[in-house]
Amino acid sequence: MRIKTMLSLVFVAIAVLLSACGQQGQQPSGSLDVKTQKPYFWKMVTTWPPNFPIFQEGVERFAKDVQTMSNNRLNIKVYAGGELVPPLQTFEAVSQGTVEVGHGAGYYWAGKIPAAQFFTAVPFGMNAQGMNAWLYAGGGIELYKEVYAPHNLVPFPMGNTGVQMGGWFNKKIESVDDLKGLKMRIPGLGGKVFAKAGGTPVLLPGGEIYTALDRNTIDATEWVGPYHDERLGLYRAAKYYYYPGWHEPGPVLELIVNKKAYDSLPDDLKKIIETAAASANIWMLSQFEANNLAALKRLKQEHNVEVIAFPDDVMKALHAYTKEVLAEESEKDATFKRVYENYQAFMEDNDAWNELSEAAYQKARALK
Ligand code: CA
């Protein structure tokens with residue numbers, strides 16, 4: 001009896017203490033706001049083939065993370081490229097509010113926003129680490145949002161492939177002249193540089209590349225790297241696999257959210273989107289880093305692919321063309337110029353630091 005009484009007294013004391021805490025405002029303000037409990041049901045489209053590893057897989061994970069973190073308040077149904085809208089119409093679908101969210105790469109919409117290309121990849125530009133530093137800590141994201149705002153979009157970095165491969169060719173590239181007359185699937189600024197070298201760049205979504213190469217609609221293609229290129233079966237349509245991916249040293253994949261839909265969300269759901277996108281960003285990059293070498297070995301050993309480095313002279317020529325392209329595009333578009341200047345300034349500092357960090361470390365490691 002006595003123990004029971006004492007226990008009930010303790011319970012009463014705890015209850016009084018807890019209620020006092022509540023009254024003193026210990027609860028974060030707004031957490032009990034009924035408005036924030038409203039569930040949302042959104043649609044998301046992507047530029048990727050259905051069930052495609054890492055890309056589409058990462059997007060599905062993102063949607064699931066958002067649902068878990070929001071305790072089923074923000075539910076995103078994901079559609080792969082072509083399931084709801086054609087892959088490269090993702091931009092319009094989200095911008096116009098047909099769907100609330102999309103995933104792809106900024107350079108796919110270079111025709112609408114030339115400056116978007118800086119938020120994906122710049123030939124001979126920054127790698128994944130540099131891009132993350134610029135975006136998350138160097139003012140990049142602020143610029144990114146500003147550039148997309150007139151299109152009714154809020155962008156977030158969400159994925160990175162790391163340094164890509166240079167692409168698949170059916171003839172050897174021994175000098176820059178060997179690129180002349182080639183029709184190649186190569187998006188963004190890389191495509192513009194390729195055009196300077198006398199080639200014809202073509203933009204195709206991932207799901208259409210293999211057929212185009214196999215039917216000789218294109219002569220060459222780049223896609224991502226060994227793991228993804230193996231999945232597309234590109235080794236069945238071309239035999240020379242060149243590196244490095246000079247044109248895409250650390251391409252960022254992006255989440256785009258319809259601005260009106262985003263602005264309608266309570267703050268915690270906005271934060272969940274931002275956090276889940278950042279989580280997917282590192283997840284995708286890590287997947288590529290972990291899976292590429294095994295795929296490269298299979299391509300060489302099981303599919304007799306010849307893996308070749310671009311000659312130094314070809315890299316030098318393409319690097320020189322890159323500078324011309326960036327200068328010319330800056331002349332045409334003031335926003336492009338502004339983002340270019342910001343990107344370039346950050347890269348120069350990043351390179352200077354890299355010289356005595358990453359580059360010096362790689363050099364030290366090579367000394368055995
Ligand atoms: Ca690529």
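Is D351 buried, partly exposed or exposed? I started my notebook with this one, keeping in mind that the model is predicted.

I looked up the relative accessibility of D351 and found 40%. D351 therefore counts as partly exposed, since that class runs between the 20% and 50% cut-offs. I then placed D351 in helix α12, which covers residues 334–356. On the surface, I found D351 in a patch of negative charge together with E348, D349 and E355.

**Helix α6.** Next I turned to helix α6, residues 188–196, and listed its buried residues: G188, L189, G190, G191, V193 and F194. I wanted to know what covers them, and the cover includes β6 (183–185), β7 (200–202), α11 (312–332) and α12. So helix α12 turns up again here, as part of that cover. After α6 I noted G198, whose phi is positive, near 100 degrees.

**N292.** I found N292 in helix α10, residues 267–301. N292 is buried because its relative accessible area is 15%, and the cut-off for buried is under 20%. Setting aside neighbours within four places in sequence, I saw N292 in contact with G225, P226 and Y227.

**The whole chain.** The chain has 13 helices and 11 strands, and 50% of its 368 residues are buried. Its C-alpha atoms fill a box of roughly 95 × 55 × 40 Å along the principal axes. For charge, I noted 37 positive and 40 negative side chains, with the centres of the two sets 7 Å apart.

Notes: Residues are numbered from 1 along each chain as its sequence is written. This is a predicted model: local features need pLDDT of at least 70, side-chain atom pairs count only at pLDDT 80 or more; totals for chains, interfaces and linings use all residues. Side-chain values use heavy atoms; hydrogens and water are left out. Patches are made of residues with over 30% relative accessible area and no salt bridge: like charges are joined within 9 Å, nonpolar side chains (Val, Leu, Ile, Met, Phe, Trp, Tyr) within 5 Å. Accessible areas come from the Shrake-Rupley method with a 1.4 Å probe; for residues, only the protein chains shown count as cover. A salt bridge is a side-chain nitrogen of Lys or Arg within 4 Å of a carboxyl oxygen of Asp or Glu. Lys and Arg count as positive and Asp and Glu as negative; His and the chain ends are not counted. The place of a charge is taken as NZ of Lys, CZ of Arg, CG of Asp or CD of Glu. Helices (H or I, at least four residues) and strands (E, at least two) are DSSP runs, numbered from the N terminus. Buried means under 20% relative accessible area, exposed over 50%, partly exposed in between (1.4 Å probe, protein chains only). Contact means heavy atoms within 4.5 Å.
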